[in-house]
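Notebook open, model loaded. I'm jotting down what I look up as I go.

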Amino acid sequence: MSAEHPAVMGWGTYNVDRHPRVGILFDGLEAHGFSVRHVTEPSAQSTSDRVELVRKPWRIVGLALSLLGTWARLARRGRAIRKAERPDCIVVGYLGHADVIAARLAFPRSVIVLDHLVFALDTARDRGIGSGPIRLALRALDRLALACASIIVVDTEEHARMVPRRRQRDTVVAAVGAPRQWYDAAATRTPRADGGPLSVVFFALFTPLQGAPVIAAALAELHRRGVPISATFEGTGQDAEEARRALGEAPIEWNERLGFSGLPEVVASHDVCLGIFGTSEKALNVAPNKLFQGAAAGCCIVTSDTEPQRRALGDAGVYVPAGDPLALADALERLARDPEAVRDASTAAHRRALDAFSPTVVAADLAAAIIARAKP
């Protein structure tokens with residue numbers, strides 16, 4: 001620990017392989033001179049698994065018992081560390097609504113950072129699940145989690161405005177960013193063959209905000225027009241069946257198993273990485289991970305025209321109205337007929353990623369906030 005940099009400890013059930021966002025923050029903090037240690041018991045549960053609990057609340061008891069055991073193990077490891085040196089700052093990763101409560105109990109005098117990338121109530125609304133009482137409980141969970149945090153990290157200005165007003169001065173906006181593997185994948189790209197079809201990739205958990213049926217309808221329209229497009233879907237989820245119906249007879253390669261380790265190379269092998277096209281309130285408030293990752297991998301980014309995404313990509317993106325499959329089909333047809341435009345857009349997106357999406361840039365404001373709040 002230096003005189004200027006408090007000791008930072010990552011704590012909780014975050015899984016960097018499954019949810020790389022918190023890993024980006026840690027890489028960025030290390031680049032700013034922080035020493036970071038990790039005390040984690042990674043959870044195998046994804047966002048979808050946790051949202052499923054809202055559909056089947058009787059499963060919460062089992063989850064609670066599992067979490068109690070996890071927290072007990074974390075507390076034992078944390079106590080051992082405190083005997084040697086009390087951490088000045090605890091960072092609780094994405095999906096840490098419950099972890100941050102346990103962290104506050106275990107480290108009552110430490111500055112606690114919560115990476116609040118997802119609001120529980122907002123997610124339930126977007127996916128159309130949960131009754132009135134359940135949504136009230138999720139609102140209470142969001143507020144309790146925020147109350148336990150000293151510093152709240154969100155990904156967009158829109159999400160910052162969702163934090164209670166009295167806590168907004170404690171809120172830091174840090175873009176999702178992209179891990180280093182995605183930048184490395186850009187080196188594996190090969191130029192599009194002259195006369196070859198435009199290759200398009202969409203990877204997702206197929207939640208409503210992502211607008212997979214809109215993409216599928218656009219691909220079906222391009223097939224009807226006879227536009228040469230080679231399309232790949234990676235993943236599956238809530239809207240997958242509706243997307244399959246919308247595709248009709250449009251040819252597509254669909255890999256339902258969303259592999260994380262090889263995904264950067266898969267995406268980098270395509271000309272275009274598709275963003276999100278949903279019209280829900282949540283869809284209008286986010287800049288999705290695929291925008292940052294696809295740009296880092298050197299793809300041309302085509303996504304919906306929303307304020308958070310324009311703020312993130314600027315002039316380096318190709319934008320269409322949210323929820324409009326014909327507009328998306330028109331944009332992809334123009335790109336299919338103009339390889340030079342694809343190359344220019346790909347170069348611009350990658351340059352934007354290098355300038356703005358690296359861990360060092362993403363974590364800069366958080367690093368300053370920790371230094372200000374957790375003086376050693």
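This is a predicted model: local features need pLDDT of at least 70, side-chain atom pairs count only at pLDDT 80 or more; totals for chains, interfaces and linings use all residues.

I started with the side chain of N285: one of its polar atoms sits 3.2 Å from the backbone oxygen of E281.

Where is N285? I found it in the loop between β10 and α12 (289–296). Buried or exposed, I wondered about N285? Its relative accessible area is 12%, and the cut-off for buried is under 20%, so N285 counts as buried. Leaving out residues up to four places away in sequence, I listed T156, E158, H159, M162 and P308 as what N285 touches.

Next, the sheet. I traced an open sheet of 6 strands, paired in parallel, in the order β2-β1-β3-β4-β5-β6. At the edges I have β2 (36–40) and β6 (171–173), each pairing on one side only. The twist from one strand to the next averages 25°.

I then checked β5 (residues 151–154) against β6: the two run parallel and are joined by 3 bridges. V153 is opposite V172 in β6.

Which helices pack here? Helix α4 (residues 99–106) touches β1, β3 and β4, with its direction at about 125° to that of β1. I also have α1 (residues 21–31) lying across β1, β2, β3, β4 and β5, at about 155° to β2.

Last, the nonpolar cores. The largest has 36 residues, and L198, I229, V272, L274, L328 and L332 touch the most other members. Elements that each supply at least two residues include β7 (198–203), β8 (229–234) and α14 (325–336). I logged another core apart from it, of 32 residues, including L95 and Y183.

Conventions
Residues are numbered from 1 along each chain as its sequence is written. Side-chain values use heavy atoms; hydrogens and water are left out. A nonpolar core is a set of buried Ala, Val, Leu, Ile, Met, Phe, Trp, Tyr and Cys residues joined through side-chain atoms within 4.5 Å. Buried means under 20% relative accessible area, exposed over 50%, partly exposed in between (1.4 Å probe, protein chains only). Helices (H or I, at least four residues) and strands (E, at least two) are DSSP runs, numbered from the N terminus. A polar contact is a pair of N or O atoms within 3.5 Å; within protein, one must be able to donate a hydrogen and the other to accept it, and residues adjacent in sequence count only if both atoms are side-chain atoms. Contact means heavy atoms within 4.5 Å. Two strands pair if DSSP finds at least two bridges between them. Axes are lines fitted to C-alpha atoms, for helices over the stretch in contact, and angles run from 0 to 180 degrees between N-to-C directions.
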